[in-house]
Amino acid sequence: MLAAFFLTSSATAYLFSGSVCYLALRAEKQRQGQPIPTLQKLEIPLFWPLWIAKEMTNK
């Protein structure tokens with residue numbers, strides 16, 4: 001029971017962090033006047049640690 005709660009809360013936190021990253025990307029793209037590609041809409045919430053690493057190395 002405790003393991004299920006831990007896994008559920010971990011998954012929720014992971015997806016919440018991905019949603020925050022998606023919103024940051026969306027705000028940046030809106031400032032630039034560019035649309036977000038459909039594939040990127042799905043990638044950011046799931047693979048946000050890779051996206052953060054890519055953004056850090058680009059700048």
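Leu50 is exposed, with a relative accessible area of 60% (exposed means over 50%, buried under 20%, and partly exposed anything in between, using a 1.4 Å probe and protein chains only). Keep in mind that this is a predicted model, where local features need pLDDT of at least 70 and side-chain atom pairs count only at pLDDT 80 or more, while totals for chains, interfaces and linings use all residues. Residues are numbered from 1 along each chain as its sequence is written, and side-chain values use heavy atoms, with hydrogens and water left out.

**Overall build**

- Going along the sequence, you get the pattern α-α-α.
- The chain's radius of gyration is 14 Å, well over the 10 Å that the globule rule gives for 59 residues, so the chain is more spread out than a compact globule.
- For that comparison, the radius is taken over C-alpha atoms, and the globule rule is 2.2 Å times the number of residues to the power 0.38.
- Along its principal axes, the C-alpha trace spans about 45 × 20 × 15 Å.

**Surface and burial**

- Of the 59 residues in the chain, 20% are buried.
- The accessible surface comes to about 4,800 Å², and carbon and sulfur atoms account for 71% of it.
- Those areas come from the Shrake-Rupley method with a 1.4 Å probe, and for residues only the protein chains shown count as cover.

- Leu50, the residue we opened with, is found in helix 3 (residues 48-58).

**The aromatic pair**

- The structure holds one aromatic pair.
- Tyr14 and Trp48 make up that pair, which is tilted, at 5.4 Å centre to centre and 45 degrees between the planes.
- Tyr14 sits in helix 1 (residues 2-32) and Trp48 in helix 3, so the pair ties together parts that are 34 residues apart in sequence.
- To count as a pair, rings of Phe, Tyr and Trp (its six-membered ring) need centres within 6.5 Å; planes under 30 degrees apart are stacked, over 60 edge-to-face, and the rest tilted.
- Tyr14 is partly exposed, with a relative accessible area of 34%, whereas Trp48 is buried at 18%.

**More of helix 1, and what it faces**

- Ala11 is another helix 1 residue, and it is partly exposed at 40% relative accessible area.
- Ala11 and Trp48 are 37 residues apart in sequence and 13 Å apart in space, C-alpha to C-alpha.
- Phe16, also in helix 1, counts as exposed at 58% relative accessibility.
- Phe16 and Pro45 are 29 residues apart in sequence, with 8.0 Å between them C-alpha to C-alpha.
- Ser17 has its place in helix 1 and is partly exposed, with a relative accessible area of 25%.
- Ser17 and Ile44 are 27 residues apart in sequence and 9.7 Å apart in space, C-alpha to C-alpha.

**Gln40 in helix 2**

- Gln40 belongs to helix 2 (residues 38-46).
- Gln40 is buried, with a relative accessible area of 16%.
- Setting aside neighbours within four places in sequence, Gln40 is in contact with Leu25 and Lys54 (contact means heavy atoms within 4.5 Å).

Key
Helices (H or I, at least four residues) and strands (E, at least two) are DSSP runs, numbered from the N terminus.
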